[in-house]
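Visitor: I would like to go through the contact between two chains, one question at a time.

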Amino acid sequence: MSSRLREIAHLDRVIHEPARLMIVATLYLVKEADFLYLQNQTDLTKGNLSSHLAKLEESEYVEIEKTYRGKIPMTVCRLTKKGRASFRAYETAMRGALFESVNPAVEASR
Amino acid sequence: MPDSIGQVRSRAQSFWYRDGLSDILIGIIGLLQNGLTLVMHFGNEQSWWYQPFIVVYLLLFFLFAARAPRVMAAMRERITYPRSGYAAPGEAQRILRNTIVALAILAIFGLLLATRYGHFDTGRWVQETPVVGGLFFGVVGIYVAVRYGVLRYLLIGLFSILLGLAINIEYPTWLGTAIWLVGVECAFLCAGGITVWNFVRTTPLSADAK
């Protein structure tokens, strides 16, 4: 088994969960986004999205700010520096491991 | 896993094209720019009003282009955010977009001024502008359509190629170029108008916004 494939065992479990991965991948592309945007992009229910955001906030990957736009309440979320770095590391590890698992010649040539 | 990282990216990026407001803005800016082309084509250079008019027009145009992002944000706040949510583009994305828009505006104005006041024969290459421009819009439209799944850009791209070819064959003059630009800009306006109408009709307001 390739060494990079073995790295999958050490993936960040907070991000690795599919729903949280969608949230973090979505937030990675924007400066900030509100709850409704995240709900539309991920197709998660309100409760589900709330609980995953709480988990991400607890891990200090996401900052959540409750504010108003006019009279409409808004929950604005943004990735922290730690969250961005963790997502980049996760993506690199995952892509490397998956690439080598389908291209064994790469590992063999090392 | 319900969605791959690539699909999430593609969906998130298609958000910027979903409401059609950017198409309307492109159309308005393009028509204003083209208005100047027509004034320069038909206007009498010896008239007392000609030079001041051009200067004032250019100033107002650049003022509008500079204010356009704020107008856009205000419109999105009323139309888009209560329906599909709010997202602010990343810094790199914002800088890239603004740079492309600024360069495109400056390039077209530079071209207009060079052809008008430059001391070289423009007749030969001006006739190629619709077909070259048509191919450029076509390639960009097809790229956006394929990358972000925005079908209307494919249609605008194909229309711009066909119109450019037709004008190049039938009416290869200065005015032909202006007609091609008006055609493409009207295509953007129509596509934007239909998209906004469809967006408002099919995407309900969020519970909080009601």
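Visitor: How many residues of chain B are in contact with chain A?
Guide: The model is predicted, and totals for interfaces use all residues. Chain A takes part with 25 residues. On the side of chain B, the number in contact is 26.

Visitor: What area is buried between chain B and chain A?
Guide: The size of an interface is often given as the accessible area lost when the parts come together. Carbon and sulfur atoms give 61% of that area here. The area buried between chain B and chain A is about 2300 Å².

Visitor: Which element gives the largest share of the side of chain B that touches chain A?
Guide: Helix H1 (5-18), helix H4 (81-84) and strand S1 (87-89) of chain B each supply at least two residues of that side. The largest share is 8 residues, and the element that gives it is H1(B).

Visitor: How many residue pairs are in polar contact across the interface of chain B and chain A?
Guide: By class, the side of chain B that touches chain A has 14 nonpolar, 6 polar and 6 charged residues. Across the interface the rule finds 0 salt bridges. For polar contact, with both residues at pLDDT 80 or more, the number of pairs is 5.

Visitor: Which residue in S1(B) is the bridge partner of Glu32(A)?
Guide: Strand S1 (residues 30-34) of chain A runs antiparallel to S1(B), and 3 bridges join them. The partner of Glu32(A) in S1(B) is Ala88(B).

Visitor: Where in chain A is confidence lowest?
Guide: Chain A averages a pLDDT of 85, and 88% of the residues score at least 70. Confidence is highest in helix H5 (residues 46-58) of chain A, at 95. The lowest mean, 59, belongs to helix H7 (residues 104-108) of chain A.

Note on methods: Residues numbered from 1 in each chain as written. Chains lettered and ligands numbered in written order. Predicted model: local features only at pLDDT ≥ 70, side-chain atom pairs only at ≥ 80, totals over all residues. Heavy atoms only, no water. Contact = heavy atoms within 4.5 Å. Buried area = accessible area lost by both parts, 1.4 Å probe. Salt bridge = Lys/Arg side-chain N within 4 Å of Asp/Glu carboxyl O. Polar contact = N/O pair within 3.5 Å; in protein donor to acceptor, adjacent residues only side chain to side chain. Helix = DSSP H or I, 4+ residues; strand = E, 2+ residues; numbered from the N terminus. Nonpolar A, V, L, I, M, F, W, Y, C, P; charged D, E, K, R; others polar. Pairing = 2+ DSSP bridges. pLDDT = per-residue confidence, 0-100.
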